[in-house]
Structures are given as C-alpha cells and as structure tokens.
Amino acid sequence: MTPTLSGRGLSKTYRLGKQTVAALRGLDVDIFPGEFAALEGPSGSGKSTLLNILGLLDIPDSGTLLLDGEDSRGYPEEQRARVRLRRFGFVFQTFNLVPVLTAAENIEYPLALAGVGREERRGRSRDLLAQVGISEKAGVRPDLLSGGQRQRVSIARALANSPEVVFADEPTANLDSHTAAEILDLMNGLNEEKGVAFLFATHDPRVVARARRVLVLRDGEIVEDRK
C-alpha cells in the first residue's frame, strides 16, 4: 500500500533561551490510508512536533515530507492551508472551538472556508452532529457543553470536509475515563465505517491500547513500530 504521508530524515530544533533543543532527530515515518495509529512517548519525546509536521502545521528544518509522493516542503503557505482544510482534520486536547459560535456553527466554519454553500453546510453539520451523537446540542455554545460534548463537536468539525487523515493531539487528556472511552469508541467507529485514518499523539495508555499501530518515540526518534 502506498503511504499517504512519508517522512524521511525529519529533523526539528527549537531555541529555548540560549539552548537549542532537538525535537526530532532525522526520523523516518510512513502513514498509510485508513490507519488507527498512535505516536506514544513521554512529554518532550517529539510527538506533538511530529504530528504538527505531518499535518503541515509546521515545517521540518531538514528532511522531506512526501504527500502522495510529492515533497510538501516546497508548498507555499496558501497550498499548505488548502491541503489542511480539504484533506486533513485536527482534534486538540483543549478542543479549540470558537466560543461565540454554536456547535453547529463551529462545524460549518471549515465548510464555509472551503466555499460550501449555506444549505449544504447546514445539512452536513446536522449529519455530523448526528454521527457523533449530540444532535440536540446544535444550537448550544461551547461554554455550555461538557468536555466530552465539546470533544464530539471538535471531532465533527474535523470530519466536516471529509478528510483522509485526522490528527489528534492528546484528545483524551481533559476527559474522565468513561468519557474518554466513549470518544475512543466514536473515533474507532468512524475509522472502521468511513475509512478515515486517525493518528494520535498521546501518552494515555487508554489510547495506546486501542491503536492498531503504535509508534514509540524517545528523544525525537522512533524506537519501536508495533502493529
């Protein structure tokens, strides 16, 4: 199977005061269609950095990142933004919902950016809210939703433009065990039913246990690839 994303020699460093910290150290990685995979490792191992690079939110200092065989490092920002909008979805541990918009409007927002018409946006938003099990919360703003409900809205928003890959950064970190299990069930079901690939950055053993592939990171390197 041809990988959707293929990284070779990915390196990334950051400046912290007078120190230079190596977040990634020339690692190689392939992400395939329909995966349900986890990047596992302690804080500072490079999980979020790798997730951001694979999701075109960040650019490596060196190495190549191939998207369908094409080197994405040469993409201008407009093209990177277009790929993120139309081919990728993102779920964050802090939800990152727009506080002044309702649940339905948060889901419609990326559709509006993609130029989808108003009626189609509304219909797709209704369908997605139903898929994540909170149709009754369509008109509710995020501050009146529970943590689990907000994460369901963020998952629906991530799916709005029918992405190939959803990148989820610590999606269960702010959830209790019961709610985390429900969210993982939901994402696993979407993966199996719709073929959407999910890639998690996590140190949560609940997520690692559910993943069908686990990439173990230590000090900016992949030290184990378990399937």
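**Exercise 1.** How many nonpolar, polar and charged residues does the lining of the second largest pocket have?

*Solution.* This is a predicted model, in which local features need pLDDT of at least 70, side-chain atom pairs count only at pLDDT 80 or more, and totals for chains, interfaces and linings use all residues. Residues are numbered from 1 along each chain as its sequence is written, and side-chain values use heavy atoms, with hydrogens and water left out.

Step 1: the terms. On a 1 Å grid over the protein atoms alone, a pocket is an open set of points where a 1.4 Å probe fits, with protein on both sides within 12 Å along at least five of seven lines; lining residues have an atom within 4 Å of a point. A volume is the space filled by probe spheres set on the points.

Step 2: the space. The second largest pocket holds about 170 Å³. It is lined by 14 residues, and those closest to its centre are S43, G44, S45, G46 and K47.

Step 3: the elements. Two or more lining residues come from each of β2 (19-31) and α1 (47-54); helices (H or I, at least four residues) and strands (E, at least two) are DSSP runs, numbered from the N terminus.

Step 4: the classes. The lining has 5 nonpolar, 7 polar and 2 charged residues. Ala, Val, Leu, Ile, Met, Phe, Trp, Tyr, Cys and Pro count as nonpolar, Asp, Glu, Lys and Arg as charged, and the others, Gly among them, as polar.

**Exercise 2.** Identify the element that gives the most to the lining of the largest pocket.

*Solution.* Step 1: the volume of the largest pocket is about 420 Å³. Among its 16 lining residues, R84, L85, F90, P110 and L113 are the closest to the centre.

Step 2: at least two lining residues each are supplied by α2 (77-87), β6 (88-92), α3 (103-113) and α5 (147-158). With 4 residues, β6 gives the most.

Step 3: by class, this lining comprises 12 nonpolar, 2 polar and 2 charged residues.

**Exercise 3.** Describe the pairing of β1 and β2.

*Solution.* Step 1: strand β1 (residues 5-16) pairs with β2 in the antiparallel sense over 10 bridges; pairing requires that DSSP finds at least two bridges.

Step 2: L16 has Q19 in β2 as its bridge partner. The hairpin has 2 residues between the strands, and G17 takes a positive phi near 65°.

**Exercise 4.** Is N96 buried or partly exposed?

*Solution.* Step 1: N96 lies in the loop between β6 and α3, and its phi is positive, near 55°.

Step 2: its relative accessible area of 41% makes N96 partly exposed (buried is under 20%, exposed over 50%, partly exposed in between, with a 1.4 Å probe and protein chains only).
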